[in-house]
Amino acid sequence: MIRRKVKLIDTTLRDGSHAVSHSFTVDQVKAVAEGLDRAGVDFIELSHGDGIGGSSINYGFSAVDELTLLRAAGEVIKNAKLTVLLLPGVGTIENLKRAEETGIGAVRVATHVTEADVSVQHIRYAKSKGLFVVGFLMMSHMAEPEKIVEQARIFEAEGVDYINLADSAGYMLPNDVHRRIAALKESVSVPIGFHAHNNMGLAMGNSLAALEAGAEYLDGTCRGLGAGAGNTQMEVLCAVLNRMGYDIHADIYQMMNVAQTTVEPLMHRPQAIRTDSLMLGYAGVYSSFLLHARRAAKQFGIDIKDILIELGRRGMVGGQEDMIVDVAYELSKNRF
């Protein structure tokens with residue numbers, strides 16, 4: 001029996017950047033990238049947490065310029081594709097040009113789940129340069145399968161190499177994921193991937209639901225390091241997929257070693273499901289809002305749960321981080 005292949009995208013050095021307030025150093029990036037490459041993951045994603053060009057007052061400044069970090073990673077990666085994330089409106093084609101000069105092999109162009117059309121010029125530029133290109137739909141719980149298929153067809157028409165669906169809020173249940181991935185598999189001809197967040201404790205279950213529905217690419221991070229309660233824990237995912245008989249390129253023992261000896265020591269705190277990260281999933285709030293919401297709650301002396309519930313009620317999405325303080329301010333005034 002032929003074992004089904006699953007490609008692994010490790011985003012410790014991108015989504016994990018949120019959890020360390022974008023403080024990765026050159027030495028840390030080299031150590032993590034070299035370990036992941038040796039372990040055999042297929043893609044290593046490295047950017048500011050909000051993608052290339054994200055270092056700013058709105059999203060948080062990086063301790064080290066991301067181009068410097070990309071060059072450092074490129075020096076030690078021998079087999080995996082060095083990958084960046086680009087959010088149109090945060091990053092630009094000029095940012096992508098600079099990243100390309102560092103030797104990247106792939107770019108994932110990410111938009112809100114209903115706004116794939118804003119990615120077209122970025123995808124066309126990346127394809128013209130021979131990059132491996134992914135169309136990435138964020139906050140996918142906010143659209144029904146039919147709408148997601150409509151948006152995915154925009155990516156498909158531009159020739160992306162695969163389409164990635166992200167549960168950016170960690171909101172979805174396994175059946176929600178299965179329905180969306182299955183609809184894509186039935187409707188588009190390019191492979192499908194999935195990116196989970198663990199805010200409701202379902203990152204692994206949702207990743208397996210995506211796989212069952214036909215996904216061929218799965219995201220994860222070492223120790224689950226990422227925004228909110230983190231992502232699917234990559235070393236655990238590798239072990240589970242190995243037990244299930246899937247064909248993965250990664251060495252599970254090396255993945256465990258990288259997670260324990262390289263990633264865990266640089267974490268600011270254990271990646272746990274705390275009350276505030278649980279509220280992200282429960283309310284359907286973008287996972288990278290967490291640290292911003294914590295700061296706003298402290299500044300205005302209000303319960304972070306109230307902020308997150310209000311953000312979810314308003315349907316706030318990535319790119320609206322500056323509104324978190326406004327929401328907190330309004331809530332603080334309404335107490336009196």
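I looked up Arg 180 in this predicted model and found the residue buried, at 3% relative accessibility. Its side chain meets that of Glu 144 in a salt bridge, with N to O at 4.0 Å. I placed Arg 180 in helix α7 (residues 174–187) and Glu 144 in the loop between β5 (132–138) and α6 (145–157), so that the pair links distant parts of the chain, 36 residues apart.

I next examined Arg 14, whose side chain forms a salt bridge with that of Glu 45 (3.0 Å, N to O). Arg 14 lies in the loop between β1 (7–13) and α1 (15–19) and Glu 45 in strand β2 (residues 43–46), so this pair ties together parts 31 residues apart in sequence. I noted both partners as buried: Arg 14 has a relative accessible area of 5%, and Glu 45 stands at 0%.

I then turned to Arg 223 and Glu 264, a salt bridge whose closest N and O atoms are 2.7 Å apart. Arg 223 sits in the loop between β8 (217–220) and α9, and Glu 264 in the loop between α10 and α11 (275–283); the pair therefore ties together parts 41 residues apart in sequence. Glu 264 is partly exposed at 40% relative accessibility.

I followed shared partners and found one network joining Arg 14, Asp 15, Glu 45, Arg 108 and Asp 219. My count of salt bridges came to 23.

Finally, I located Gly 245 in the loop between α9 (234–244) and α10 (252–263). Gly 245 is partly exposed, at 29% relative accessible area. Its C-alpha atom is separated by 6.6 Å from that of Arg 3, 242 residues apart along the chain.

How values were computed. Residues numbered from 1 in each chain as written. Predicted model: local features only at pLDDT ≥ 70, side-chain atom pairs only at ≥ 80, totals over all residues. Heavy atoms only, no water. Helix = DSSP H or I, 4+ residues; strand = E, 2+ residues; numbered from the N terminus. Buried < 20%, exposed > 50% of the residue type's maximum accessible area, 1.4 Å probe, protein only.
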